[in-house]
Amino acid sequence: MPEQQRLRIAIQKSGRLSKDSQLMFKNCGMKVNLREQRLIAHCENMPIDILRVRDDDIPGLVMDGVVDIGIVGENVLEEEMLLRSSQNEPTDIKQLCRLDFGGCRLSLAVPEDFDYISPQSLADLRIATTYPGLLKRYMDTQGIDFTGIMLTGSVEVAPRAGLADAICDLVSTGATLEANGLKEVDVIYRSKATLIQSKNPLSDENQALLNRLLLRIQGVMQAKE
Ligand code: PRP
Ligand code: ZN
Ligand code: MG
């Protein structure tokens, strides 16, 4: 008999979701030593391994079955789904439950002195974003042509740097926009963290473990209400 495969869960290594993801596991009774700078952390009291990776990689890791479970922002998940569908790649996952943290919105923002009336004000302009799929989908519903500028980071400096006329980026407190002389003009997507599972069937043991974990997660969320 092969040794039982441990349940593999991917979480964001560092960023808006990492602290809350770790806290949720802790509240569920998982003992994980996350102090070391390691990709994989072992849970001491349950057969679970935690993989700490870039959030943008999590949907793909789950869709490809490299990990069993992932915690990721719905915005990142939806963007990866759009990208993969456009390339005819598999997008199969199971959404297990929406979590009570990681709330943010994907918004259009322009320089403070920009005379913005509606999305039409951005027609034929350059918009910098990390979410080209979500932005294109929204602008298509509005029937507006634009030039997408793909940036994986520092999107908020693009207008000042002369790279773009507007941006489409995540906003949570609004501090980043304000610090960069930008104003939020339209919300195109609202997101929270969500728990997703690979379509690959789990072993009976791991399925039972996941069921117990889900009950605890729901209990932890209810206790906070
Ligand atoms: C987002 C976004 C801004 C910041 C906005 O980045 O790109 O930098 O959050 O938050 P605020 O409104 O509270 O200032 P995120 O933390 O998601 O990291 P990432 O872009 O590196 O994935
Ligand atoms: Zn990211
Ligand atoms: Mg950022």
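Which helix gives the most to the lining of the second largest pocket? That would be H3, with four residues. Before we get to the pockets, some ground rules. This is a predicted model, in which local features need pLDDT of at least 70, side-chain atom pairs count only at pLDDT 80 or more, and totals for chains, interfaces and linings use all residues. Residues are numbered from 1 along each chain as its sequence is written, chains are lettered from A and ligands numbered from 1 in the order in which they are written, and side-chain values use heavy atoms, with hydrogens and water left out.

Let's start with the sheets. Helices (H or I, at least four residues) and strands (E, at least two) are DSSP runs, numbered from the N terminus. Strands of a sheet pair through backbone hydrogen bonds, either parallel or antiparallel. Here, two strands pair if DSSP finds at least two bridges between them.

One open sheet is built from six strands in the order S2-S3-S1-S4-S11-S5, and its pairing is mixed. At its edges you'll find strand S2 (40-42) and strand S5 (94-98), each pairing on one side only. From one strand to the next, the twist averages 25°; axes are lines fitted to C-alpha atoms, for helices over the stretch in contact, and angles run from 0 to 180 degrees between N-to-C directions. Inside this sheet, strand S1 (residues 7-12) and strand S4 (residues 69-73) run parallel and are joined by two bridges, with Ile9 standing opposite Ile69 in S4.

H3 lies across S4, S5 and strand S11 (193-197), running at about 100° to S4. Helix H6 (residues 204-224) lies across S1, strand S3 (48-53), S4, S5 and S11, and runs at about 25° to S5.

Now for the five-stranded sheet. This one is also open with mixed pairing, and its order is S8-S7-S9-S6-S10. Strand S8 (147-150) and strand S10 (182-191) stand at the edges with a single partner strand each, so one side of each has no neighbour in the sheet. The twist averages 30° from one strand to the next. Strand S6 (residues 104-111) and S10 run antiparallel, joined by eight bridges, and Pro111 stands opposite Leu182 in S10. Helix H3 (residues 74-86) turns up again here: H3 packs on the sheet, touching strand S9 (166-171) and S10, and its direction makes about 75° with that of S10. Helix H4 (residues 132-142) packs on the sheet too, touching S6, strand S7 (126-129), S8, S9 and S10, at about 95° to the direction of S10.

On to the empty space. Rolling a probe the size of a water molecule over the atoms shows where such space is left. On a 1 Å grid over the protein atoms alone, a pocket is an open set of points where a 1.4 Å probe fits, with protein on both sides within 12 Å along at least five of seven lines, and lining residues have an atom within 4 Å of a point. Grid points are joined across faces, edges and corners, and a volume is the space filled by probe spheres set on the points.

The largest pocket holds about 610 Å³ of space. Its lining has 34 residues, and Arg16, Asp55, Tyr131, Asp169 and Leu170 lie nearest the centre. H3, S9 and helix H5 (175-179) each supply at least two lining residues, with S9 giving the largest share, four residues. By class, the lining divides into 11 nonpolar, 15 polar and eight charged (Ala, Val, Leu, Ile, Met, Phe, Trp, Tyr, Cys and Pro count as nonpolar, Asp, Glu, Lys and Arg as charged, and the others, Gly among them, as polar).

The second largest pocket has a volume of about 220 Å³. Among its lining residues are Arg54, Val76, Glu79, Glu80, Leu83 and Tyr131. Five of the lining residues are nonpolar, two polar and five charged.

Finally, a few loop residues. Asn88, in the loop between H3 and S5, has a positive phi near 55° without being a glycine. Asn88 is exposed, with a relative accessible area of 73% (buried means under 20%, exposed over 50%, partly exposed in between, with a 1.4 Å probe and protein chains only). Asp124, in the loop between S6 and S7, has a positive phi of about 65° and is exposed at 60%. Ser118 is placed in the loop between S6 and S7 and is partly exposed at 27%. The C-alpha atoms of Ser118 and Asp186 are separated by 8.2 Å, though the residues are 68 apart along the chain.

Notes:
Contact = heavy atoms within 4.5 Å.
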